[in-house]
Amino acid sequence: LTNPKYLIEDALSFVKQNYEKYNMHVASGADEMDLKYICSSLDLTKYFLSINGSPIKKIDIVSKVLADNDYTKSETILIGDSINDYEAANQNNIKFYGYNNKELKSIKKSQYVNIMRTFDPNK
């Protein structure tokens, strides 16, 4: 469960290179306590301002992160690998970028990231 070989090196590289540049949060459907344990065990907690998961629904997690941090929706994006991520972004009126799931390329009103480590949300 906490084996670093299961991490996506491309995404991890982006996070490590940019965590001081962007406000990053985890919003996941996985159990929140498990997420916090995994992130702590893999020394990833320091890269995220918050780590959020179930039992709260992802749409509600995103809404709470936006409100708690007074983020401007037009300057906020959600990068995810599932249709639930897209729906959470859409319901909260923020931009969505699909990643690590080619099926997300077909979603209208969204973009797709092929290589995360070179991703620049300002382009």
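Begin by selecting Leu 44 and Phe 48, the residues with the most contacts inside the largest nonpolar core, which has 18 residues. Such a core is a set of buried Ala, Val, Leu, Ile, Met, Phe, Trp, Tyr and Cys residues joined through side-chain atoms within 4.5 Å; buried means under 20% relative accessible area with a 1.4 Å probe, protein chains only. The model is predicted: local features need pLDDT of at least 70, side-chain atom pairs count only at pLDDT 80 or more, and totals for chains, interfaces and linings use all residues. Residues are numbered from 1 along each chain as its sequence is written, and side-chain values use heavy atoms, without hydrogens and water.

Helix 1, helix 2 (32-41) and strand 4 each supply at least two residues of this core; helices (H or I, at least four residues) and strands (E, at least two) are DSSP runs, numbered from the N terminus. The largest share, 3 residues, comes from helix 1.

Return to Leu 44, which touches Leu 7, Leu 12 and Cys 39 (heavy atoms within 4.5 Å), not counting residues up to four places away in sequence.

Next, select Leu 66, Leu 78, Ile 94 and Tyr 112, which are included in a second, separate core of 11 residues.

Now display helix 1 (residues 9-18), where Asp 10, Leu 12, Ser 13, Phe 14, Val 15 and Asn 18 are buried. These buried residues pack against strand 4.

Finally, select strand 3 (residues 77-80). Leu 78 and Gly 80 form its covered face, whereas Ile 77 and Ile 79 form the uncovered one. In a regular strand the side chains alternate between the two faces of the sheet.

Note on methods. Buried < 20%, exposed > 50% of the residue type's maximum accessible area, 1.4 Å probe, protein only.
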